[in-house]
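Good morning, and thank you for coming.

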Amino acid sequence: MNKPGRLPIVPDPFRGEALSSWLTRLAARYDLRANDILHHVGVGQSAYRDLDWLTVPHVDRALAQATGISTSRIAGMRYGVEDGWLWDRPGRVWCRACLQADLLAGEESWERRSWRSGATVLCSQHRQLLEETCPVCHQIGTGCLFRAYRGRIRSRCIARDRPVALRNDETLSVLPLGLRLTGITVKAIDALQRDLHRSLRGHMPHGRWCGVTHPRDLPVLVEDFLRMVVPTLGLQLQVAPPLRWMLRHSDWQDLFVFTPAMLPLEVAAGVLAIAALILADPGWTGELAGQIDWAPAGRGKKREAFSPESFLQWLHPGIADWGRCRLEALVMRNRIKGTFSH
Ligand SMILES: [Zn+2]
Ligand SMILES: [Zn+2]
C-alpha cells in the first residue's frame with residue numbers, strides 16, 4: 001500500500017490537549033470523523049478515543065508522517081498508560097469557563113487531556129466542578145458541546161442542532177452529602193487530582209498520602225473509597241468496562257474494578273473529596289481538623305463536622321467493618337494517633 005501523503009491542513013495541538021481531541025479537530029477540517037482519519041493514514045484498526053490510553057508506536061509514526069507533528073508531541077497528548085485504562089471516562093466533560101475562554105480567544109472547543117480521566121472532577125484553573133450534562137438538551141454522553149460544524153469543533157447541542165450559550169451563573173458548588181466546594185476542599189481535591197494523574201502515568205505522587213508507597217497505591221485507595229461510598233449512597237453501577245480493554249484481557253472479570261470514571265460526575269466529585277480529605281498527610285489532617293462539615297443524612301439535613309470517624313459511622317453496615325479495617329490499616333502505617341475511636 002502506498003503511504004498517504006502529508007495532509008494539507010493540520011491544526012496545531014493546544015497545550016494540554018488530549019490526543020483524541022486533536023484527532024477530532026483534524027478530522028473536522030476534512031468533514032470526517034476521527035476514526036476516518038486513522039483509516040486515511042493506514043491505521044484504521046485503532047479506535048481514536050482508546051489512543052488516549054494505549055501506546056501504539058506505529059499509529060504515532062503514521063500520524064506524524066501524515067501531519068508533520070512529531071511522535072513525541074503526539075505521545076505527549078496521551079493521557080495515561082494502559083494499566084490505568086479503567087479510569088478512561090467514556091463520555092465528554094467540560095469546564096464551562098474553559099470553553100468560554102476558547103470561544104473568546106476565537107478558538108474551537110477542545111478537550112483538555114485531564115478531562116479524559118475519572119481522576120478529574122474540577123477545573124484547577126477556574127476552581128469549579130466539571131460538567132457532563134448538555135445545558136440545552138439535558139442529556140449526558142451525546143457529544144454535545146464538541147460538535148464538528150463547518151470545519152471546526154463548536155459548542156453546539158447535537159440533539160437540537162444549535163449553539164450552546166454557556167453562562168457562569170449555573171455552576172455547581174455543592175457535592176453529594178452536603179460537602180461544599182470551599183477553598184480548602186478545592187485545594188484537597190486539586191492536590192489529589194494532580195497526584196492521581198501522575199500515578200495513572202506510572203509516576204510517584206508529589207504529595208504525601210496515607211498508605212501510598214507505590215504509584216499504583218493512590219488509584220487503588222480511591223477505588224476503595226468508591227467501594228465504600230457508592231453502596232452507602234444506594235447507587236447501583238453497571239459493569240461496563242471499555243470494550244477493547246475487555247478484549248485484551250481474557251481474565252477481565254478478575255481485573256475489573258469500578259473507578260470514578262464510571263460514576264456520575266457529581267458522585268465522583270464526592271468520592272474524590274472524601275478520599276482527599278481522609279488520605280491527606282498529617283499536615284493536612286491538622287489543617288483540616290474541624291474546618292470541614294457535611295450532611296451525611298443528605299442535603300438540607302443536620303450538618304456535622306467531617307472526620308474519618310464520622311465517615312466510618314456513616315458507612316452502610318454491610319461495608320462498615322471492611323471500611324474500618326481498611327482505614328485503620330492506613331492510619332497505623334502512618335502513625336497518626338487519636339483520629340479513630342471505636
Ligand atoms: Zn476551566
Ligand atoms: Zn445537547
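**The annotated region**

Over residues 8–130 the chain is 36% helix and 3% strand, with the end C-alpha atoms 35 Å apart. Helices (H or I, at least four residues) and strands (E, at least two) are DSSP runs numbered from the N terminus. An unreviewed UniProt entry annotates residues 8–130 as "domain: TniQ"; such annotations may be inferred rather than shown by experiment.

Please note that this is a predicted model, in which local features need pLDDT of at least 70, side-chain atom pairs count only at pLDDT 80 or more, and totals for chains, interfaces and linings use all residues. Residues are numbered from 1 along each chain as its sequence is written, while chains are lettered from A and ligands numbered from 1 in the order written.

How confident is the predictor? The chain averages a pLDDT (confidence in each residue, from 0 to 100) of 89, and 92% of the residues score at least 70. Confidence is lowest in helix H11 (residues 282–288), at a mean of 59, and highest in helix H1 (residues 19–29), at 97.

Finally, the domains. An automatic or database assignment divides the chain into domain 1 (19–78), domain 2 (96–170) and domain 3 (176–334). The centres of domain 2 and domain 3, taken over C-alpha atoms, are separated by 26 Å. Between them, 13 residues of domain 2 are in contact (C-beta atoms, placed from the backbone, within 7 Å) with 15 residues of domain 3.

Note on methods: pLDDT is the predictor's confidence in each residue, from 0 to 100. Two residues are in contact if their C-beta atoms, placed from the backbone, lie within 7 Å.
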